[in-house]
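Please look at the sequence and the structure first, then read on.

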Amino acid sequence: MAEFKLEPLPFEEAIEFFKNKLPLTPQDYDRLSFEARTKAFTISGVAALDVLHDIYQELLKALETGATIEDFRKNANTILEKKGWRGLTPYRTDNIFRTNIQTAYNVGRYRQMTDPNVLKMRPYWRYDAVDDQKTRPSHRALDNKVYPADHPFWDTWYPPNGFRCRCSVESLTESQVKRRSLEVSTDIPQYVTPPDTKLPIPLNPDPGFAHNPAKVEWQPDLKKYPAAFRKAYEARARKGGDA
């Protein structure tokens, strides 16, 4: 009997989103609006554009091949050390890898879930927090919350909602909502009470994460942004978005 080896399929929508990012120095990145940063890539403390591009390529490779965080750190540190930079610590690796990969995956999922045929069959979305000791209290309070897919809640709270956020969104059919006895929310509360406390807290994503990176194909007014961003964006547009 022939043996078949199953390989994970690349997440094309996530890869496409990440391919369209532009490596920028932290100085130029900080001058962008939060919406514009959706199209950019940077790493705090790394000012050399060639190094940023190399690390960006390693993250893209991880998306395309399914490489692990350990693979990414090993390859990225090899590049950094060859260029005279200090290697990434485990914490920093986790922050860079998880935030970027999770954003790309969630954007990819958004594009799948907003396909008109999918929306027709699965018109409700459920917020899914990991719900462990590392989960932020505000994220834990949203776990299992259900809103219609077109509700404004998702304009602010589509994950990731902070650095290293592991939350995701699940699309549901109407029958799944009823079978699980889930309530479809319509209002967005200003305060929530996490399950493990009795004290309400403001319901706000982390600074810089109060927007949906997949909601709108952002088109910049290039005159507002740094020359490095304008030049890179225009070059990327001429090449059709290829890395």
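At 36% relative accessibility, His53 counts as partly exposed, in this predicted model. His53 belongs to helix α4, which covers residues 49-65. Between His53 and Phe41 there are 12 positions in sequence, and their C-alpha atoms are 8.8 Å apart in space.

**Overall make-up**

The protein contains 11 helices and seven strands. It has 243 residues, and 44% of them count as buried. Among contacts with a separation of 6 or more, 66% join residues 24 or more positions apart.

**The largest pocket**

The largest pocket holds about 690 Å³ of space. Two or more lining residues come from each of α2 (26-30), α3 (34-37), β2 (40-41) and α6 (90-113). Helix α6 gives the largest share of this lining, six residues. In total, 26 residues line the pocket, and those nearest its centre are Tyr29, Thr42, Thr99, Phe163 and Phe209. Sorted by class, the lining has 13 nonpolar, nine polar and four charged residues.

Thr42, one of the residues nearest the centre of the largest pocket, is also among the contacts of Thr25. Thr25 sits in the loop between β1 (22-23) and α2. Apart from neighbours within four places in sequence, Thr25 is in contact with Thr42, Ala47, Leu49 and Leu52. Thr25 counts as buried because its relative accessibility is 18%, and the limit for buried is under 20%.

**A buried serine**

Ser138 is part of helix α8, residues 137-142. Its relative accessibility is 8%, so Ser138 counts as buried. Which residues is Ser138 in contact with, leaving aside its neighbours within four places in sequence? They are Trp157, Val192, Ile201, Leu203 and Asn204.

A disulfide requires sulfur atoms within 2.5 Å. Seen from Cys167, the closest cysteine sulfur is that of Cys165, again at 3.7 Å and too far for a bond. The count of disulfides comes to zero. Cys165 counts as buried because its relative accessibility is 1%; Cys167, at 3%, counts as buried too.

**Backbone details**

Pro159 and Pro160 are joined by a cis peptide bond, with omega about 5°. Pro160 lies in the loop between α9 (153-157) and β5 (168-172).

Asp131 has a positive phi although it is not a glycine, and Asn144 likewise has a positive phi without being a glycine. The table gives their values.

| Residue | Phi | Loop | Relative accessible area |
|---|---|---|---|
| Asp131 | about 60° | between β3 (124-128) and α8 | 40% |
| Asn144 | about 80° | between α8 and β4 (146-148) | 36% |

Asp131 is partly exposed because its relative accessible area is 40%. Asn144, at 36%, is partly exposed as well. The limits for this class are 20% and 50%.

Notes. Residues numbered from 1 in each chain as written. Predicted model: local features only at pLDDT ≥ 70, side-chain atom pairs only at ≥ 80, totals over all residues. Heavy atoms only, no water. Helix = DSSP H or I, 4+ residues; strand = E, 2+ residues; numbered from the N terminus. Buried < 20%, exposed > 50% of the residue type's maximum accessible area, 1.4 Å probe, protein only. Contact = heavy atoms within 4.5 Å. 1 Å grid on protein atoms, 1.4 Å probe; cavity = no way out; pocket = protein on both sides within 12 Å on 5 of 7 lines; lining within 4 Å. Points joined across faces, edges and corners; volume = space filled by probe spheres on them. Nonpolar A, V, L, I, M, F, W, Y, C, P; charged D, E, K, R; others polar.
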